[in-house]
Amino acid sequence: MSGTALVGCVGAGQTGLGLGLVSAEEVQQLGLKSWQQIRSETPVSRNATYQRALQQVGTNILGAVGENPGQWEMVVFQGQEANAFALPGNKIGVYEGMFAIAKNVDQLAAVVGHEIGHNQAQHARERLSSAQATSMGQQLLGAALQIGNVGYANELAGLLGAGIQYGLILPYSRNQELEADSIGLLNMARAGYDPRASVQLWQNMQAAGQRAPEFLSTHPAPDSRIAALEAKMPEAMSLYNPRRG
């Protein structure tokens, strides 16, 4: 989510310029660097309830989609912004402010399923490959890939999807957001979380504050996201088997 939106996407149209310009290994290396930067700059939340909820929901969704939860790191950070992000290298961050929007575990599952969807769709690699096609991106990635070079750290974190406060948002992020919404809807359903909570989450987001018209934003407006989620809902409901406990 970025700002008051889920960082980083329904897959109408192209979401990037392809994956070939940056390797998966390079993307993971850069994701881990950005995670270390964020961990060093942002205090971890002391709210044990939030931390337990994220770990439980994340573990359930990862297991349901064939991932090993033990290979992922999920952290709630201090901060009142309604924001979450995923980084290559199996990292998920959620800010405390998101828990004022995601009012139950099903709505939190919509957030986490979405962020896992970004990694499944390799959106960070698409972003970096798109950036590599520009002179600015070549300069950024050339510096970042030098061992120990922390120049352009904020811009790099933004390119990888860590949120607007960390730097850049690329033009393809609207389609990527919609794609991650769609993947996340199925992820949460497979894990036994009610997919209809994804719509409730975006209704909560709408009620939380004003946003710019969609054509001024790189991210789709809540109404657009709700419509896309509702179109995908029959498929998600066919996968949904409520969790017991």
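Which residues form one aromatic cluster with Trp35? Select Phe77, Phe85 and Tyr95 together with Trp35 and you have that cluster on screen. Before going on, a word on provenance: this is a predicted model, where local features need pLDDT of at least 70 and side-chain atom pairs count only at pLDDT 80 or more, while totals for chains, interfaces and linings use all residues. Residues are numbered from 1 along each chain as its sequence is written, and side-chain values use heavy atoms, leaving out hydrogens and water.

**Stop 1: the rings**

Stay on Phe77 and Tyr95. Their ring centres are 6.0 Å apart and their planes sit at 40°, so the pair is tilted. (Rings of Phe, Tyr and Trp, the last by its six-membered ring, pair if their centres lie within 6.5 Å; planes under 30 degrees apart are stacked, over 60 edge-to-face, and the rest tilted.) Phe77 belongs to strand S1 and Tyr95 to strand S3, 18 residues apart. (Helices are DSSP runs of H or I with at least four residues, strands are E runs of at least two, and numbering starts from the N terminus.) Both Phe77 and Tyr95 are buried. (Buried is under 20% relative accessible area, exposed over 50%, partly exposed in between, with a 1.4 Å probe and protein chains only.)

The whole structure has six aromatic pairs. For a stacked one, pick Tyr50 and Phe99: centres 4.0 Å apart, planes at 10°. Tyr50 lies in helix H2 (residues 48-64) and Phe99 in the loop between S3 and H3, so this pair ties together parts 49 residues apart in sequence. Tyr50 is partly exposed at 25% relative accessibility, whereas Phe99 is buried at 13%.

**Stop 2: the charges**

Side chains of opposite charge can pair when their charged atoms come close. Here there are six salt bridges (a side-chain nitrogen of Lys or Arg within 4 Å of a carboxyl oxygen of Asp or Glu).

Select Lys91 and Glu73, whose closest N and O atoms are 2.8 Å apart. Lys91 is in strand S3 (residues 91-95) and Glu73 in strand S1 (residues 73-77), so the bridge ties together parts 18 residues apart. Lys91 is buried at 13% relative accessibility, but Glu73 is partly exposed at 26%.

Next, jump to Asp181 and Arg225, again with closest N and O atoms 2.8 Å apart. Buried or exposed? Asp181 counts as buried at 5% relative accessibility, and Arg225 counts as buried at 0%.

**Stop 3: the pocket**

Where is the largest pocket lined? Among the lining residues are Ala24, Gln28, His118, His123 and Arg125. (A pocket is an open set of points on a 1 Å grid over the protein atoms alone where a 1.4 Å probe fits, with protein on both sides within 12 Å along at least five of seven lines; lining residues have an atom within 4 Å of a point.) Helix H1 (24-41), helix H3 (105-120) and helix H4 (123-132) each give two or more residues to the lining. The volume is about 220 Å³, meaning the space filled by probe spheres set on the points, which are joined across faces, edges and corners.

**Zoom out**

Finally, switch to cartoon: nine helices and three strands.
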